[in-house]
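Here is a short briefing on a protein model and its ligand. It starts with the aromatic rings and then turns to the ligand site.

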Amino acid sequence: MFSKILIANRGEIAVRVIRACKEMGIRTVAIYSEADRNSLHVRLADEAICVGGPKAEQSYLHIPAIVSAAEITDVDGIHPGYGFLSQNAHFAEICESCNITFLGPSAQSIRLMGDKIAAKDLMRKTGIPIIPGSMAAVRNKEDALNTARRIGYPVMVKAAAGGGGRGMRVCHNDVRLISALMTCQAEAEASFGNSEVFVEKYLQEPRHIEFQILADKQGHIIHLGERDCTIQRRHQKLVEEAPSPVVDAKLRRKMGELAVRAAKAAGYTSTGTVEFLLDKDGGFYFIEMNTRIQVEHPVTEMVTGIDLIKEQIRVAAGESLGIKQDEVTMEGWAIECRINAEDPANRFAPSPGKITFYHEPGGRGVRVDSHVFTGYDVPPYYDSLLAKLITTGSTRQEAIRTMQRALEEYFIEPIKTTIPLHKQIFSDPTFWRGHIATDYIDRQLQLGESE
Ligand code: ADP
C-alpha cells in the first residue's frame, strides 16, 4: 500500500482524495497555485507545496514543477483527479519513469481512449455498437460532405481529442457543415493541440447513459451499474443520477457487459467510465471512454456502497478487486447537482469572487462534496464547480424531494450560482416523470443559447 500520495489537482476532488487517503492511513501532499494558497485542500493535506502561478499552465498543468514536488516530498503515488493532467498519457509515463505510481490506467490506455476516432474504431472491431460516421479524421470539405450524404443530416462535427463538451457542432445542412468544420478544427487545435475532427450522425433526443468500470492489474474488470447524465447544458453535465429511470435489469446487464468488454479491449486498469447514448427506440451506442475518476462518481458510491477512490487506490497499489460482478448491487436512488459559480440568468456568465456567507445543507440523505467555506475567494482561473450536492432516497421521488429541501437550505452568498436553475429543474413535472433528453435545458427550459 502507498505511504504517501500527492494530489495533482485542486478544489473538491483534491479534498475528496485527501479524505479517502486519511481514512486509509495514507499521508497526503497537496500542490497549489498562488491563487489557491488559502484553499481547503491545502489546509487538509499533511504537506503542501506551491507549484506556480495562478494560471493552470503555470501550476496544475506544469509537469516539471509537479514532478519536482513529488520528488521533494518523496511520495510513492500521484492521484491526478479529473481534468488537468488526468488524461495526459505523457504525464502518466513520466510518473512511472520516476518510480511514482500514477493512479490511473496505463499511458497506452489513456492514449488509445483519448483519441475518439481510434477508440470508436477499436469498439467497432470489438463488436460494440458505435454511431455511424467517418471512420477516420476528415481531411477536407469533400470528405465531410461525403460522410454527411452517406449518413444523412443532422450530423455532428467532433474533435478527436475533445472533452468537456468543447469542440463539437451540430449541422443540419451542407453550408453549416462546411463552416462547422473550420471552427471545430480551429477550436480543437486551440483547446487540445490537435485539430483532427470527425463527423457522425447526430442522434435526436438521446439520453446519456454511462457505466462505471473498476479494473485491477490482475485482469479482473467489473461494472458498477449506470449513471444517467441526460441533464446537460451545451453537452456538459449538470445533474446526474443512479440508477437511470429508463434502464431496467435486462438493459443494464446488456450494456454493462458491453462496457466491460470495451474496457477489456482497451487493456484497462483503475476506475473508468464507458459512455453511451441511448436513443428513443432503445438502441445504444458507444461515444467515449473516460480514463479517470469522474465528477459524478458519488452517485454510484451512494447506490452501491463502494468507495470508488479507495478502490482506485487499492488497485493502483496492486491489490485485486475485493468484489465480484454478481456481488454488486444497486440499492435506492442517488442524484447529484453540480453547483457552479455561474449566473444562469445571465447566459451562465462566470461569477468568481469572495463568499461572505456559506451554509451547507445537511440531514438525512444529503452529501456535499465541496472545498468552499465562508471567506473563500473563488478564483477566476479554473473550472467553476463549487460543490456537488448529492441526495439519496429509497426511491427516485424521495431523492428528488430531499434535493428540493437541500437546495432550499443551501446559501452561497453573494456570488451567483446554479442553485436557482436546479430548483427550477427539480420542481418541473417533466423532470419528475423522467421524460427528458439531452436537449432538456436548452429546449424545454429554454435556457440554452443556439449553437
Ligand atoms: P466530451 O468528451 O466533450 O464530453 P462526448 O462525446 O462525451 O463529449 O459527448 C458529450 C455530449 O454531447 C453527450 O452526452 C451528448 O449529449 C452530446 N453528443 C455527443 N455525440 C453526440 C451525437 N452523435 N448525437 C447527439 N448528441 C451527441
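**Aromatic rings and ligand site**

The count comes to 11 aromatic pairs, where rings of Phe, Tyr and Trp (its six-membered ring) pair if their centres lie within 6.5 Å. This is a predicted model: local features need pLDDT of at least 70, side-chain atom pairs count only at pLDDT 80 or more, and totals for chains, interfaces and linings use all residues. Residues are numbered from 1 along each chain as its sequence is written, and side-chain values use heavy atoms, with hydrogens and water left out.

**Aromatic pairs**
- Phenylalanine 373 and tyrosine 376 form a tilted pair, 5.4 Å centre to centre with 55 degrees between the planes; planes under 30 degrees apart count as stacked, over 60 as edge-to-face and the rest as tilted.
- Phenylalanine 373 counts as buried because its relative accessibility is 18%; buried means under 20% relative accessible area, exposed over 50%, partly exposed in between (1.4 Å probe, protein chains only).
- Tyrosine 376 also counts as buried, at 4%.
- Tyr60, Phe84, Tyr381 and Tyr382 are linked by ring pairs into a cluster.

**Ligand shell**
- The ligand is surrounded by 22 residues, each with a heavy atom within 4 Å of it.
- The closest are Lys116, Gly165, His208, Gln232 and Glu288.
- Domain 2 (132–201) and domain 3 (207–443) both give residues to this shell, so the ligand lies between them; the domain bounds come from an automatic or database assignment.

**Ligand oxygens**
- A ligand oxygen is 2.6 Å from a side-chain N or O atom of glutamate 288.
- For histidine 208, the corresponding distance from a ligand oxygen is 2.7 Å.
- For glutamate 275, it is 2.9 Å.

Definitions and conventions:
A polar contact is a pair of N or O atoms within 3.5 Å; within protein, one must be able to donate a hydrogen and the other to accept it, and residues adjacent in sequence count only if both atoms are side-chain atoms.
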